[in-house]
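Please open the structure in a viewer and keep the selection tool at hand. The stops below are to be taken in order.

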Amino acid sequence: MERRDLTAMYPMLSVEEAREHVLAGLVPLEAESVPILSALGRVLARDVIAGYDIPPHANTAMDGYALRSVDTAGASEESPVRLRVIAELPAGYVAEKPVVPGTTIRIMTGAAIPPGADAVARFESVRLDGDYIEIAGPVPIGKEVRCAGEDVKQGALVLKQGRRLRPQDIGMLASIGESEVEVTRRPRVGVLATGDELVSIDAPLAPGKIRNTNGYSNAAQVLKYGGEPVPLGIASDSDEEITKRIRSGIEQGVDLLVVSGGVSVGDFDMVKKVLAREGEIDFWRVRMKPGKPLAFGHITIEGRKLPVLGMPGNPVSAMVSFEMFARPMILALLGASDVEHRTVSAVLADTISSKDDRRHFVRVLLEEDERGYVAYLTGDQGSGILTSMVEADGLAIIPEEWRNAEPGVHVQVILLGDTL
Ligand code: AMP
Ligand code: MG
């Protein structure tokens with residue numbers, strides 16, 4: 001098909017329009033129950049409600065003496081109050097006798113407050129005298145006492161459906177006695193690289209050939225965002241080969257297919273053609289740089305629509321396209337409540353020239369000075385320069401309407417860190 005025909009058929013979409021298209025109709029995958037430690041990084045499929053209070057009983061925040069506040073009401077330097085120590089209570093046990101007027105129980109951090117007591121005087125605030133302690137000032141009710149339920153109340157919503165679980169969430173699940181938790185199944189994402197020039201990582205590098213970078217960087221992105229990569233290898237630029245590998249992905253039950261290369265306008269850009277024949281193309285081309293020739297469509301299998309994302313092949317374009325489109329799709333399949341990247345505002349340190357009305361995603365390194373975050377270009381911004389991606393902390397967003405962003409302007413930077 002002529003380039004003119006294609007460009008007329010598929011108007012270039014804005015990033016937002018394209019995102020709407022790729023996310024439309026995606027629903028969370030089914031839930032599965034897993035041991036909590038295996039749930040790290042997974043997305044909660046249900047709300048988690050606390051079955052009881054945490055802490056379950058009032059306990060002391062300090063090593064000290066459990067006492068009745070009222071007994072210390074008149075205490076002062078001149079006339080300290082004397083209390084008899086009647087027992088010692090380590091954490092993990094309960095007092096055998098109550099604290100009655102004029103007495104105290106020596107108590108260790110975490111031990112349950114004995115009946116009768118309503119406050120704790122720290123070790124260092126009392127003077128020890130045989131079986132007695134002397135207190136030189138009033139100890140108010142509740143001093144050093146951690147109340148039952150002060151962290152979590154029974155019946156409280158502790159973790160919300162759609163949350164991606166972090167180590168502290170795993171700790172919370174443990175403290176409320178949940179050994180297993182329901183999370184959404186990991187989306188299976190087929191990762192296919194296309195191009196006659198590609199050879200696999202361990203094959204000899206014959207003249208004219210390059211290694212398959214995207215098969216790995218895209219699969220690593222799948223892992224990072226909570227999916228399960230299904231490697232579909234390398235397809236040469238042939239209709240049959242691409243079709244065969246896509247079908248292999250379908251047979252392996254993928255939930256999403258990401259393909260790199262072959263979506264531009266060259267003679268050998270077969271992916272669009274295969275997608276149009278095997279399914280349908282939803283859109284082609286997005287007003288962004290890198291990543292313009294993105295193609296998106298569906299292949300319908302047994303009444304189910306398998307989304308297919310055809311990304312440009314340059315290693316940075318493939319990664320940035322993945323960040324902007326495959327990532328939110330994976331998160332939507334996971335039922336994550338937030339599919340947006342975290343961004344920070346930063347002062348741009350360098351000049352960025354933008355010649356057209358595409359949104360530019362520029363690889364930057366972030367440093368902090370008195371102005372807050374400062375974004376420095378990581379070097380050559382060519383779509384094939386992976387080094388500047390390796391160096392980058394994030395992608396600075398240069399809006400469509402800007403021309404030549406100057407040093408000193410504020411930009412939003414998408415963070416590409418360890419977290420979502
Ligand atoms: P394409 O989008 O197929 O026109 O490819 C654009 C550029 O990216 C070409 O220089 C390709 O050689 C390169 N490229 C395509 N796929 C890969 C890949 N999987 N790994 C590394 N480079 C690639
Ligand atoms: Mg190609």
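The tour visits a helix pair, then a single residue, then one further helix.

This is a predicted model, in which local features need pLDDT of at least 70, side-chain atom pairs count only at pLDDT 80 or more, and totals for chains, interfaces and linings use all residues. Residues are numbered from 1 along each chain as its sequence is written, and side-chain values use heavy atoms, with hydrogens and water left out.

Helices (H or I, at least four residues) and strands (E, at least two) are DSSP runs, numbered from the N terminus.

Next, display the side chains of Asp239, Ile242, Thr243, Ile246 and Arg247 in H5 and of Val271, Lys273, Val274, Arg277 and Glu278 in H6, which make the contact (heavy atoms within 4.5 Å).

Arg19 is buried, with a relative accessible area of 11% (buried means under 20%, exposed over 50%, partly exposed in between, with a 1.4 Å probe and protein chains only). Leaving aside residues up to four places away in sequence, Arg19 touches Met324, Phe325, Pro328, Val339 and Glu340.

Finally, select helix H4 (residues 214–224), where the buried residues include Asn214, Ser217 and Val222. Their cover includes strand S13 (188–194) and helix H7 (315–333). Just after H4, Gly226 takes a positive phi of about 100°.

Note on methods: Chains are lettered from A and ligands numbered from 1 in the order in which they are written.
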